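Keep the sequence and the coordinates side by side.

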Amino acid sequence: MRMILVGPPGAGKGTQAGILRDKLEVPHISSGDMLRAAVKAGTPLGKEAEAFMSAGDLVPDSTVIGLICERIRADDCQRGFLLDGFPRTRPQAEALDAALAELDVQVDAVLWIDVPDDILVERVIGRRMDKKTGRIYHMKYSPPPKGLTDRLVQRKDDTREACRFRLEKYHRETRPILPYYRERKLLRRVDGNHSPATVTAAIMTALGLG
Ligand code: AMP
């Protein structure tokens with residue numbers, strides 16, 4: 001199954017992708033994680049992306065398209081994949097379709113995790129990641145176990161200011177991909193303003209697997 005998770009920053013895409021990857025046994029491809037790894041490794045692509053990312057801006061389409069379209073050609077993606085954070089613009093959606101058409105396959109479902117803006121800002125600024133396992137916590141809503149505090153990191157773009165900017169970008173650049181997929185009858189809206197378990201159940205129902 002080839003799935004896409006779309007949603008604003010803090011909607012829970014990363015959390016749900018981790019759960020779905022295990023349930024559906026498909027690789028989780030996060031454009032944000034791939035870009036952060038490139039920044040950390042200091043590759044030319046990482047150097048190009050870094051300033052955009054710390055400002056909460058989108059990395060140019062050509063850079064991200066190349067990265068993801070190469071990744072989905074890998075052997076482990078033959079049985080399907082779960083894209084998280086890509087596509088985020090209309091040109092990215094079109095480039096993905098073209099790359100999949102070359103492989104003679106297509107997207108099966110686009111899951112839109114919808115959450116109101118005021119809730120997202122609070123979710124994002126309280127978010128922390130365990131740098132050892134990659135697991136995501138929230139200091140108020142999903143606190144980490146005691147003794148883990150030293151391993152927790154906050155993303156540079158998880159400040160109130162960068163979050164507001166990312167939300168603005170989401171509404172301006174990413175929401176226009178929703179009608180693109182709605183027209184193709186692939187879009188499934190899921191209410192993301194619930195606990196992770198409830199959202200997972202809604203996703204499984206939306207996929208006809210609940
Ligand atoms: P994320 O982890 O999905 O929130 O992504 C973190 C940051 O990486 C974003 O704020 C962008 O700067 C960049 N990024 C991730 N995916 C994309 C994409 N599909 N297009 C452009 N920039 C992206």
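This is a predicted model: local features need pLDDT of at least 70, side-chain atom pairs count only at pLDDT 80 or more; totals for chains, interfaces and linings use all residues.

Helix α4 has six named buried positions to look at: Thr 63, Val 64, Ile 65, Leu 67, Ile 68 and Cys 69. What do the buried residues of α4 pack against? Their partners are strands β2 (28–30) and β3, together with helices α2, α3 and α5.

One of these contacts can be described in detail. Helix α2 covers residues 31–41, and α4 covers residues 61–71. The two pack at an angle of about 110°, and their axes are 11 Å apart. That angle makes α2 roughly perpendicular to α4. From α2 the contact draws on Ser 31, Met 34 and Leu 35. From α4 it draws on Val 64, Leu 67, Ile 68 and Arg 71. By class, the contact residues are 5 nonpolar, 1 polar and 1 charged. Val 64, Leu 67 and Ile 68 are also among the buried residues of α4.

Now turn to β3, a strand that α4 packs against. Is β3 covered on one face or on both faces? Both are covered. Phe 81 and Leu 83 are buried on one side, while Leu 82 and Asp 84 are buried on the other.

Strand β3 also has paired neighbours. Strands of a sheet pair through backbone hydrogen bonds, either parallel or antiparallel. β1 pairs with β3 in the parallel sense, over 4 bridges. In that pairing, Met 3 has Leu 82 as its bridge partner. β2 pairs with β3 in the parallel sense too, over 3 bridges.

Next come the nonpolar cores. The largest holds 31 residues. Which of its members touch the most others? They are Ile 4, Ile 72, Leu 83, Leu 96, Val 110 and Tyr 181. At least two residues come from each of β1 (2–6), α3 (44–55), α4, β3 (81–84), α5 (90–102), β4 (109–114) and α8 (177–183). The largest share belongs to α4, with 5 residues. Leaving aside residues up to four places away in sequence, Ile 4 touches Leu 83, Phe 86, Pro 87, Leu 96, Val 107, Ala 109, Val 110, Leu 111 and Tyr 181. Another core, of 22 residues, lies apart from the largest one. Its members include Met 3, Leu 5, Ala 17 and Val 26.

Move on to a separate topic: the antiparallel strands. Here 3 strands form an open sheet in the order β6-β5-β7. β6 (136–138) and β7 (152–153) are at the edges. Each has a single partner strand, so one side of each is left without a neighbour in the sheet.

Strand β5 spans residues 127–130 and pairs with β7 over 2 antiparallel bridges. Met 129 stands opposite Val 153 of β7, and Asp 130 stands opposite Leu 152. Helix α6 (residues 117–125) packs on this sheet and touches β5 and β6. The direction of α6 makes about 40° with that of β5.

With β6, β5 pairs in the antiparallel sense over 3 bridges. Arg 127 faces His 138 in that pairing. How many residues lie between the two strands of the β5 and β6 hairpin? There are 5, and Gly 134 in the turn has a positive phi of about 80°.

Notes: Residues are numbered from 1 along each chain as its sequence is written. Side-chain values use heavy atoms; hydrogens and water are left out. Two strands pair if DSSP finds at least two bridges between them. Contact means heavy atoms within 4.5 Å. Axes are lines fitted to C-alpha atoms, for helices over the stretch in contact, and angles run from 0 to 180 degrees between N-to-C directions. Angles under 35 degrees count as roughly parallel, over 145 as roughly antiparallel, 65 to 115 as roughly perpendicular and the rest as oblique. Ala, Val, Leu, Ile, Met, Phe, Trp, Tyr, Cys and Pro count as nonpolar, Asp, Glu, Lys and Arg as charged, and the others, Gly among them, as polar. A nonpolar core is a set of buried Ala, Val, Leu, Ile, Met, Phe, Trp, Tyr and Cys residues joined through side-chain atoms within 4.5 Å. Buried means under 20% relative accessible area, exposed over 50%, partly exposed in between (1.4 Å probe, protein chains only).
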